[in-house]
Amino acid sequence: MSTSANDNLNDWLRDAHAMEQQAETMLKAQAERLEHYPDLRARIVQHIEETRGQQSILDEILARRGVSNSVLKDLGGKLAAFGQGVGGMMTSDEVVKGAMAGYVFENLEIASYTSLIAAAKAVGDSATAASLEQILVQEKAMAAWLLEHLPQVTQAFLARSATPGVEAKV
Ligand code: MG
Ligand code: FE
């Protein structure tokens with residue numbers, strides 16, 4: 001049995017679409033819960049908008065390639081378990097764990113789009129490769145921001161934690 005490169009690419013594009021739906025769910029949950037970390041919250045809100053734009057780009061790519069974007073496949077997203085692990089996290093150090101998990105998720109997205117771009121180039125679909133490059137730039141920027149601000153988030157959490165009567169976790 002063999003699977004063509006185009007069929008593999010189409011499957012991976014659908015996986016990416018499911019990943020972006022999962023991303024939106026997780027980011028929204030984080031943004032809604034955050035109260036005391038306005039910089040982190042603002043960057044997450046910005047990335048929710050970017051994520052919706054990424055979904056639109058993937059919709060366009062799938063339509064152009066004649067791929068049906070099955071709702072069933074999306075609902076069965078392979079990353080659901082990961083997302084639940086992050087979204088269901090309500091630990092006393094939630095903001096720190098959430099920022100770390102967000103960084104991990106962005107790097108999963110970076111790996112996914114890097115692989116997808118190589119696959120698009122392999123089948124000669126330069127329009128798809130170019131669109132995916134736009135998304136990759138946004139994922140790299142979000143990952144870089146989260147890593148750069150993790151020390152600040154951690155220190156703000158520690159300071160709040162050590163202060164009586166001040167909530168620290170979100
Ligand atoms: Mg994304
Ligand atoms: Fe992202």
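Buried means under 20% relative accessible area, exposed means over 50%, and partly exposed lies in between, using a 1.4 Å probe and protein chains only. This is a predicted model, in which local features need pLDDT of at least 70 and side-chain atom pairs count only at pLDDT 80 or more, while totals for chains, interfaces and linings use all residues. Residues are numbered from 1 along each chain as its sequence is written, chains are lettered from A and ligands numbered from 1 in the order in which they are written, and side-chain values use heavy atoms, with hydrogens and water left out.

**View 1. The protein has 6 helices and 0 strands.** Helices (H or I, at least four residues) and strands (E, at least two) are DSSP runs, numbered from the N terminus. Along the sequence the pattern reads α-α-α-α-α-α. The protein has 170 residues, and 43% of them count as buried. Contact means heavy atoms within 4.5 Å. Take the contacts between residues at least 6 apart in sequence: 79% of them join residues at least 24 apart.

**View 2. A42 sits in helix α2.** The relative accessibility of A42 is 45%, so A42 counts as partly exposed. A31 lies 11 residues from A42 along the chain, and their C-alpha atoms are separated by 8.1 Å. Helix α2 covers residues 38–64, which makes 27 residues. From first C-alpha to last, α2 reaches 39 Å, close to the 39 Å expected at 1.5 Å a residue. The expected span is 1.5 Å times one less than the number of residues. After α2 comes G66, with a positive phi near 70 degrees.

**View 3. Four residues supply the donors of the magnesium ion (ligand 1): E20, Q54, E109 and E139.** Donors are N, O and S atoms within 2.8 Å of the metal (3.2 Å for Na, K and Ca), and sites may look incomplete because water is not among the atoms. In sequence the donor residues follow the spacing E-x33-Q-x54-E-x29-E. The pair E109 and E139 links distant parts of the chain: E109 belongs to helix α5 (residues 94–122), E139 to helix α6 (residues 126–161), and 30 residues separate them. Both E109 and E139 are buried. An iron ion (ligand 2) lies 3.0 Å from the magnesium ion (ligand 1), and E109 bridges the two.

**View 4. Helix α5 packs against α6 at an angle of about 160 degrees.** Their axes are 8 Å apart. Axes are lines fitted to C-alpha atoms, for helices over the stretch in contact, and angles run from 0 to 180 degrees between N-to-C directions. The two helices are therefore roughly antiparallel. Angles under 35 degrees count as roughly parallel, over 145 as roughly antiparallel, 65 to 115 as roughly perpendicular and the rest as oblique. The crossing of α5 and α6 is left-handed, meaning that the near helix is turned anticlockwise from the far one by less than a right angle (right-handed if clockwise). The 29 residues of α5 should span 42 Å at 1.5 Å a residue, and its end C-alpha atoms are 42 Å apart, which agrees. Just after α5, G124 has a positive phi of about 75 degrees.

**View 5. Helix α1 (residues 5–33) meets α5 at roughly 160 degrees.** Their axes come within 11 Å. That makes α1 roughly antiparallel to α5. The crossing of α1 and α5 is left-handed. Residues of α1 in the contact include L9, W12, M19 and E20. On the α5 side they include F105, E109, Y113 and A120. M19, in α1, is buried, with a relative accessible area of 3%. M19 and F105 are 86 residues apart in sequence, yet 9.6 Å apart in space, C-alpha to C-alpha.

**View 6. A120 lies in helix α5.** A120 is buried, at a relative accessible area of 0%. Beyond its neighbours within four places in sequence, A120 is in contact with L9, D125, T128 and A129. N6 is 114 residues from A120 in sequence and 8.3 Å away in space, C-alpha to C-alpha.

**View 7. Helices α2 and α5 pack at about 25 degrees.** Their axes are 13 Å apart. The two helices are therefore roughly parallel. The crossing of α2 and α5 is left-handed. From α2, the contact uses L40, H47, Q54 and L58. From α5, it uses V95, E106, E109 and Y113.
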